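Please walk through this structure one site at a time, and then consider the chain as a whole.

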Amino acid sequence: MSAADASLSSDHAVSPLDVEAIRRDFPIFSRTIRGQPLVFLDTAASAQKPRQVIDALLEFYESGYANIHRGIYQLSAEATTRFEGVRDTVQRFLGAADRREIVFVRNATEAINLVARSWGDAHLREGDEILISAMEHHANIVPWQMLCERVGSRLRVAPINERGELEVGAFEALLGERTKIVAITHVSNALGSIVPLHEIIPRAKSHGAMVLVDGAQAVPHAKVDVAALGCDFYAFSGHKLFGPTGSGVLYGRLPILEATPPFLGGGDMIETVSFERTTYAPVPQKFEAGTPDVAGVIGLGAAIDYLETIGLDRIELWESELLEYATEALEAIAGLRIIGTASDKAAVISFVLEGIHPHDIGTVLDQQGVAVRAGHHCAQPLMEVLGVPATVRASFSLYNTKQDVDALVKAIRTALELFA
Ligand code: PLP
């Protein structure tokens, strides 16, 4: 990632990661799959959880549990303090200017739907345009299509080149006075391509467009700074960040959130309610109707603390070493084609094997204890652009080792022999 996309600077020495020590933090690695050690290469779908996160959940449910915001008793006040403390943690983690810019949601999908529904319905009209890229996850396509259906606006798609890189010139050519919002991924889940946000956000802004960044695949891999990026919205899911399922974040610039109508209505998001009229709570509560996933948010806080203790710069460095090692090893396999060879890439490798369906490869790999993803990766339009029905995807993280890569290569060779 560039300096503007991530605050990591490569000009200072970063001490290497003690991967074996990290693996000991993840209880899942003590189990076996079909009698073999687990080789988990599907973190892009959801990350495994460290003991620190599991313990935070356990401790909360065992000795700190209560609903938040409305209780006048000690347990509820404590739970509220912990929940709201995570808002401060996320604010710092994302480099947001104000804690009120952090809205807790269930996942990135909900965050994007919130923006499409609440901000989109209020601001888009017939003929207005929404600009996305060709490598979006369905979560950053479908909510915009639904908005188009409601208000008559139009979805435009910026192309990618054969390496899986955004065509910045073509992207810019699609920007115009009708472009109301650019909704774009930070890192492609299917290809690993890192979008040069530092180039495209200023271009979008110069046309007066809002910018939403889908950061689901970015936050686990490198430090993100929303203020440096200059985006208006940034969305991510807690479960991909080593936190619990059911926790997610929408960052939104304060004046924009304040001017945006609520998403869901109900308890907790109101100031006063009568049968005639309701007034809404200030942000972020206005967007947090109903009982949130209190434990999930507390677990997310523990996950961020865990990552920050390790250091995202060290994680990024280790992942790029793994990516290089794995790319070389996979390229050496005859008949294997890597899909997505962007020059700036996160540790995700999609590939196809000549004559073997990705699902069959995934099944053979699973028999050898290697967990990968096979399919369209919730990016069907991208698969169409690439001219493949599906790919096998191996995604690497802080707990993966070069032995994991070797196990992947060995399992692929077994698949090749089986299907020869
Ligand atoms: N955006 C990207 C880039 C993703 O990879 C994913 C999940 O894979 C999502 C959005 C949706 O995440 P979730 O299902 O947690 O809402």
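F242 sits in the loop that joins β9 (233-237) to β10 (248-252); helices (H or I, at least four residues) and strands (E, at least two) are DSSP runs, numbered from the N terminus. Although F242 is not a glycine, its phi is positive, about 70 degrees. F242 counts as buried because its relative accessibility is 0%; buried means under 20% relative accessible area, exposed over 50%, and partly exposed in between (1.4 Å probe, protein chains only).

This is a predicted model, in which local features need pLDDT of at least 70, side-chain atom pairs count only at pLDDT 80 or more, and totals for chains, interfaces and linings use all residues. Residues are numbered from 1 along each chain as its sequence is written, and side-chain values use heavy atoms, with hydrogens and water left out.

C378 is another non-glycine residue with a positive phi, about 55 degrees. Its loop runs between β16 (373-375) and α13 (380-386). With a relative accessible area of 32%, C378 is partly exposed.

P284 belongs to the loop between β12 (278-280) and α10 (294-310).

R154 is part of strand β6 (residues 154-158). It counts as partly exposed because its relative accessibility is 44%. Leaving out residues up to four places away in sequence, R154 touches D128, E129, I130 and C148, where contact means heavy atoms within 4.5 Å. W144 is 10 residues from R154 along the chain, and their C-alpha atoms are separated by 8.9 Å.

Now the chain as a whole. It contains 14 helices and 17 strands, and is divided into domain 1 (19-50 + 311-414) and domain 2 (54-308); these bounds come from an automatic or database domain assignment. The contact takes 42 residues from domain 1 and 32 residues from domain 2. The C-alpha centres of the two domains lie 27 Å apart.

The chain has a radius of gyration of 22 Å, which agrees with the value near 22 Å for a compact globule of 420 residues; the radius is taken over C-alpha atoms, and the globule rule is 2.2 Å times the number of residues to the power 0.38. Of the 420 residues, 56% count as buried. Among contacts with a separation of 6 or more, 71% are between residues 24 or more positions apart.
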